[in-house]
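Student: Could you show me how to read strands and helices in a model? Please give the general idea before each case.

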Amino acid sequence: MVYQHHNESRKPGGDFSYGHLWGSSHDSALIAFTLHLADDALILGHRNSEWTGRGPVLEQDIAISNIALDLIGQARNFYQYAAGLINELSLSARSPEDQNSLFNSSDTTEDSLAYLRDSWDFKNCLLVEQPNGDWARTILRQFFFSAFQYYLYEQLQSARHAGLAAIAEKAFKETAYHLQWSSEWVIRLGDGTDESHVRMQQSLDLLWPYTGELFRPTNYELFCIREGICPDISLLKPSWDAKVLEIFAEATLAVPRNVWMQSGGKEGRHTEHLGYLLAEMQFLQRTYPGNDW
Amino acid sequence: MAVYTDYIKEDILSILKQVNDPEVPVLNVLDLGIVRDVRMQDDGIEVVITPTYSGCPAMDVIRMEIRMRLMEHGFKNITLTTVLSPAWTTDWMTEEGKNKLLAYGIAPPHPTQVVCNIKQFQEEEAVQCPLCHSHHTRMISRFGSTACKALYQCNDCGEPFDYFKCH
């Protein structure tokens with residue numbers, strides 16, 4: 001009962017995975033978009049947390065862990081919001097007897113959304129699930145994503161949906177700080193030693209194909225854009241490009257040309273890396289369901 | 001059990017003053033500026049709070065502590081509401097709170113309109129050393145022991161210190 005809606009999305013690519021259950025395109029698109037924002041933040045937050053205790057120096061171990069904390073906090077806000085929407089809708093779709101049952105009234109929680117969905121339900125972009133690699137790759141992944149999140153949250157603050165706008169307003173200042181921190185590191189490593197420059201350029205060649213997806217709207221995003229819930233993400237690209245090229249110029253890094261851009265993560269078609277990440281992240285709740293501390 | 005109409009908002013606030021930030025124990029929740037409202041109802045009380053950072057792990061502890069303190073004073077039906085907008089800013093920290101931070105050895109946040117808006121925060125801030133009060137200090141790391149602090153060191157007296165960064 002609780003996860004009935006997840007069965008609807010077993011088909012990879014079913015990006016309106018909630019539409020079937022509740023009928024309304026508006027509701028299903030809003031929930032899918034909210035989960036997409038949550039999943040992006042959670043998965044990158046988890047990736048960053050893999051550095052905790054292993055950072056190159058103590059200060060940067062603390063820095064990347066703090067960024068993980070910010071991102072997981074943002075994810076919690078989005079998941080709580082999505083859980084509220086899902087519960088409201090599933091309650092109103094129930095028979096009167098069911099509606100009176102206390103046990104059914106709050107089936108979905110931030111935790112169930114994070115820990116009990118499988119990879120095809122996750123709507124994060126491919127970029128954030130890519131493995132940490134070395135410090136250069138982690139830094140560049142953060143920079144690409146923070147630059148995107150910065151312009152997204154800037155616009156989302158004035159979105160028509162008060163709930164999403166409030167989360168974006170809260171997260172915007174945090175994201176600006178992440179962007180600043182990661183920009184400094186991209187420059188330091190790109191324009192650093194021969195070794196650090198090579199590693200940055202290798203990371204750039206590896207990660208660049210995952211940046212196109214950020215600005216390519218899925219069906220649920222197109223719906224939300226039309227409804228004024230979501231800014232037109234394709235229009236964020238010029239600002240993002242300008243920021244990235246500005247930093248790369250200082251970092252002496254060159255953007256690869258004629259690259260095929262990968263996509264699919266936002267619609268549940270992921271690289272093999274996400275499954276391994278979830279296996280670790282979800283282990284406890286899968287092994288000891290409902291365990292609390 | 002307390003009769004709610006006997007209390008006025010100021011009484012509640014004086015109770016909340018006993019709730020400290022577990023990570024910066026020298027500050028209480030009013031010093032931090034995270035209590036946004038207290039609403040008295042006929043049969044209960046609602047405290048409206050806002051988080052400092054989205055992922056601040058102290059918030060869960062603070063929520064519990066507020067509830068415990070109010071229960072100690074006989075209150076029941078306590079509702080804690082979290083709001084995100086308007087987003088918390090260090091400008092809401094009280095002057096008293098800033099003085100407490102300084103005495104505790106943490107440099108207090110600058111007013112945000114001076115240095116820390118989004119466009120300008122790239123520029124280095126002149127943070128005053130809490131020990132010798134020199135402005136001749138340098139940033140060690142943008143992130144400190146908690147999300148709300150950065151690491152600095154004084155070039156004159158050598159003191160390493162936390163700066164409660166403006167936000």
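Student: Which residue in β6(B) does Thr137(B) stand opposite?

Tutor: Strands of a sheet pair through backbone hydrogen bonds, either parallel or antiparallel. Two strands pair if DSSP finds at least two bridges between them, and strands (E, at least two residues) and helices (H or I, at least four) are DSSP runs, numbered from the N terminus. Here Thr137(B) stands opposite Cys154(B), and β5(B) pairs with β6 (residues 149–154) of chain B in the antiparallel sense over four bridges. This is a predicted model, in which local features need pLDDT of at least 70 and side-chain atom pairs count only at pLDDT 80 or more, while totals for chains, interfaces and linings use all residues. Residues are numbered from 1 along each chain as its sequence is written, and chains are lettered from A and ligands numbered from 1 in the order in which they are written.

Student: In what order do the four strands of the open sheet in chain B run?

Tutor: The order is β4-β7-β6-β5 in chain B, with mixed pairing; the edge strands, β4 (106–107) and β5 (137–141) of chain B, each pair on one side only.

Student: At what angle do α8 and α10 of chain A pack?

Tutor: Axes are lines fitted to C-alpha atoms, for helices over the stretch in contact, and angles run from 0 to 180 degrees between N-to-C directions. Helix α8 (residues 135–156) and helix α10 (residues 194–207), both of chain A, pack at about 50°, with their axes 9 Å apart. α8(A) and α10(A) are therefore oblique to each other, a word for angles that are not under 35 degrees (roughly parallel), over 145 (roughly antiparallel) or 65 to 115 (roughly perpendicular).
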